[in-house]
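Dear colleague,

Please find it below, followed by an account of what was found in it.

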Amino acid sequence: MTAERVPVRESLRDVEPYGAPQLDVPVRLNTNETPEPPPDAFLSAYVDRIGTTSLNRYPDRDHVELRRSIAARHDVAVEQVWAANGSNEVIMQLLQVYGGVDRTVASVSPSYSMYPEFCRTTQTGFVEVDLPDTFEFTAATAAALAATGADVILLASPNNPVGNVIDQGHFVRLHDQTDALIIADEAYVEFADGDCSVVPLVAKLPRLVVVRTLSKAFRLAGLRLGYLVAAPWVVADVQKVRLPYHLDSLKQIAGVVALEREPEFLAHRAMIVAERHRMVAALAELPQVEVYPSAANFVLIRSTVDELFDRLLARGVLVRDFSTTRRLQGCIRVTIGTPDENEAFLTAVRDVIVEATD
């Protein structure tokens, strides 16, 4: 035998690894990170807590203390909470349990680009329902999703990269009209105007699972910690696929310490929301630009200016390019950064438009 390598399975042959560009430029607004670091008090408390940890021992396999902290945050039972290495791993575990070769996930388009990748990795079928041209989630959208007969319906609210929130009534409608597991991915919900989370519906809708993260509003993207809130049977099922000791001790401690200081962590939201409103208003005044409403820490823009992404990058501003993505032709997504970063982006956009129209 002379083979030099083992080929990947057929479904992965043409797959490119997921990843947004990580370029060293003055203004990076492409990955929806929060621009401000965690509070100083968190870091000192975290270091103190680590000092009492026996790192020669395996972590708590069921991360009970962390789950208690999350349960207290949402006023649910510990048995209704499960955590993993970011909300992406939480969703992956759910599809490992409830997906598979004979099952299907339904979602909408446009939405988070990793959803079909999760399905491909777990050998789960994937179907999309197109949102209207406004990208608003409507009753017709819910009906079309129900008609797919999917085993799992996976929806981001606020939607990424669009930014809009799905009305709570649509989750009720989907639950009532299907037998599917309904997953609400609420990675960005803390940035919405008002409380629009569907966590309170979990008590009434037994097949509803809500996924959250500490990467966004809690400004802990480097930590990679996410969790779900669901019926206890979901948590019991997910444990069938979790790896042994999947959540390390340092991560569990960091999550507990962060949740103890939630008001400090979330104090920056007012700035993000105010800057988002300012950005939307400023962009709406520009020619050749259409800006979509957003309840997240990013804004989606469609422009008729050619090569907008490249022209912004040439000016030291990195955004997320969706210009070649189906239904998002001509679109970029910009993260809400610091006021100075946002102003640099607006200045660059204005300069590009002037240059394009000369």
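At what angle do helix 1 and helix 8 pack, and how far apart are their axes? Helix 1 (residues 40–50) and helix 8 (residues 249–260) pack at about 135 degrees, with the axes 10 Å apart. Please note that this is a predicted model, in which local features need pLDDT of at least 70 and side-chain atom pairs count only at pLDDT 80 or more, while totals for chains, interfaces and linings use all residues. Residues are numbered from 1 along each chain as its sequence is written, and side-chain values use heavy atoms, with hydrogens and water left out.

The elements named here are DSSP runs numbered from the N terminus: helices are H or I of at least four residues, and strands are E of at least two. Axes are lines fitted to C-alpha atoms, for helices over the stretch in contact, and angles run from 0 to 180 degrees between N-to-C directions.

**Helices 1 and 8**

Helix 1 and helix 8 are therefore oblique to each other; angles under 35 degrees count as roughly parallel, over 145 as roughly antiparallel, 65 to 115 as roughly perpendicular and the rest as oblique. The contact (heavy atoms within 4.5 Å) involves residues of helix 1 including Phe-42, Ala-45 and Tyr-46, and residues of helix 8 including Leu-250, Ile-253 and Ala-254. By class, this contact has 10 nonpolar, no polar and two charged residues. Here Ala, Val, Leu, Ile, Met, Phe, Trp, Tyr, Cys and Pro count as nonpolar, Asp, Glu, Lys and Arg as charged, and the others, Gly among them, as polar.

The count of aromatic pairs comes to 10, where rings of Phe, Tyr and Trp (its six-membered ring) pair if their centres lie within 6.5 Å, and planes under 30 degrees apart count as stacked, over 60 as edge-to-face and the rest as tilted. One of these pairs is Phe-42 with Tyr-46, which is stacked at 5.6 Å centre to centre with 10 degrees between the planes. Both residues lie in helix 1, four residues apart, about one turn of the helix.

**Helices 2 and 8**

Helix 2 (residues 64–74) also meets helix 8: the axes come within 9 Å and cross at roughly 30 degrees. The two helices are therefore roughly parallel to each other, and their crossing is left-handed. Ser-69 and Ile-70 are among the residues of helix 2 in this contact, and Gly-255 and Val-256 among those of helix 8. The contact has four nonpolar, three polar and two charged residues.

An open sheet of seven strands has the order 2-8-7-6-5-3-4, with mixed pairing; strands pair if DSSP finds at least two bridges between them. Strand 2 (81–84) and strand 4 (125–130) are the edge strands, each pairing on one side only. Within this sheet, strand 5 (residues 152–156) and strand 6 (residues 181–185) run parallel and are joined by five bridges. Helix 4 (residues 114–121) packs on the sheet, touching strands 3, 4, 5 and 6.

An open sheet of four strands has the order 9-10-13-12, with antiparallel pairing. Strand 9 (289–291) and strand 12 (320–321) stand at its edges with a single partner strand each, so one side of each is left without a neighbour in the sheet. Strand 12 pairs with strand 13 (residues 331–335) over two bridges, and Asp-321 stands opposite Ile-332 in strand 13.

Key: Left-handed = near helix turned anticlockwise from the far one by under 90°.
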